[in-house]
Amino acid sequence: MKKYKVLLFDADGTLLDFKKAQSQALCAVLKMHGISPDDAILQKYAEINDSLWKAYERGEILRSQIGITRFKRLFKWAGLVYSEELGIEEDYRTRLALGHDLLKNAFEVCAALHKKYDMYIITNGNTHTQIPRLAECGLAPFFKKNFISEAMNCRKPERLFFDTVVGDIGCTKAEALIIGDSLSSDILGGINAGIDTCWFNPEGNPAPEDCRPTMEIRSLTELLSILM
C-alpha cells in the first residue's frame with residue numbers, strides 16, 4: 001500500500017448526510033410558503049438541483065445561477081407562480097445550513113485517521129451554508145482546513161482546484177489521497193489532477209471505464225483497514 005500523508009475528504013455524501021439535510025430544509029421551507037412537500041415535489045427538486053450542480057461541475061453555469069434557477073424551475077413544474085421577492089432561496093439556504101447529520105461511522109473513522117494523517121475538507125458549495133454545517137457536525141477538530149469552491153473561485157473537478165489545494169497544503173500530489181462519493185467531481189477531478197482517489201460507493205454502482213478510482217470502498221470503516 002502506497003504511503004499517504006494527506007487525506008482530502010469530500011463533505012456532502014461522503015461524511016455529511018446531504019440527502020437528509022436537503023429533505024429537511026426543503027420540507028420546512030415549502031411549508032413556510034404554504035406548499036405541501038409531497039414526494040413528487042421533493043423528488044423533482046432533487047432532480048433539478050442535481051442537474052444544475054452537474055452543469056456547474058462541467059463549467060456550464062456559475063455557482064450563483066444554481067440558487068437563482070432551481071426554485072424557478074421547481075415552481076414552473078408545479079404550476080406555481082415564482083417571484084424572487086418570496087425569498088425562498090434565502091430561506092432554504094438558511095435551513096440547509098442547520099443540517100449537519102453525519103453518515104454512519106463518519107465520526108469514528110475521522111477520529112482514528114486524524115491521528116496518523118493530515119486531513120482536509122474539499123467541497124463545492126456555498127460558503128455561508130457549508131461553514132456552519134462543517135462547524136456543527138463535530139468533525140472540525142479532525143481537519144486542518146476547509147477548502148470551499150466558492151471561496152476559492154474554482155471548483156471540483158477543475159485541475160486548478162486540486163492544484164490550489166495541494167499548493168496551499170505544501171504536499172506533493174503523490175502524498176495525497178482524495179476520498180469522495182462523486183465520480184464526476186471527486187474521482188474525475190483527482191484523475192485529471194494526478195492525485196490518487198478513493199471512491200466511496202455504498203450502493204455498489206459500476207465505475208465507467210474512463211473514470212476508474214485508485215481504490216473503492218462500500219463503507220467508511222473500510223478506510224481503517226486500508227489506511228491504518
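Helix H9 has buried residues that are covered by, among others, H2, H8, E4 and E5. This is a predicted model, in which local features need pLDDT of at least 70, side-chain atom pairs count only at pLDDT 80 or more, and totals for chains, interfaces and linings use all residues. Residues are numbered from 1 along each chain as its sequence is written, and side-chain values use heavy atoms, with hydrogens and water left out. Helices (H or I, at least four residues) and strands (E, at least two) are DSSP runs, numbered from the N terminus.

Which residues of H9 are buried? They are Ser185, Asp186, Ile187, Gly189, Gly190 and Ala193. Buried means under 20% relative accessible area, exposed over 50%, and partly exposed in between (1.4 Å probe, protein chains only). Seen down the axis of H9, the buried residues fall within an arc of 165°, so they line one face of the helix. The arc is that of the directions from the helix axis to the C-beta atoms. Gly194 follows H9, and its phi is positive, near 80°.

## Helix H8

Helix H8 spans residues 159-169. Its buried residues are Phe161, Phe162, Val165, Val166 and Ile169. They fall within an arc of 120° seen down the axis of H8, so they line one face of the helix. The face turned away from the buried side carries exposed Leu160 and Gly167. After H8 comes Gly170, with a positive phi near 90°.

## The nonpolar cores

A nonpolar core is a set of buried Ala, Val, Leu, Ile, Met, Phe, Trp, Tyr and Cys residues joined through side-chain atoms within 4.5 Å. The largest one has 28 residues. Leu7, Phe9, Leu15, Leu113, Met119, Phe143 and Leu223 touch the most other members. Helix H5 gives the most to this core, with 5 residues.

Leaving aside neighbours within four places in sequence, Phe9 is in contact (heavy atoms within 4.5 Å) with residues including Thr14, Tyr120, Ile122 and Ile179. A second, separate core of 23 residues includes Ala21, Ile48, Trp53 and Phe71.

## The largest pocket

About 1,300 Å³ of space lies in the largest pocket. Of its 44 lining residues, Asp12, Gly13, Phe18, Asp50 and Asp181 are the closest to its centre. A pocket is an open set of points on a 1 Å grid over the protein atoms alone, where a 1.4 Å probe fits, with protein on both sides within 12 Å along at least five of seven lines; lining residues have an atom within 4 Å of a point. The volume is the space filled by probe spheres set on the points.

Helix H2 gives the most to the lining, with 8 residues.
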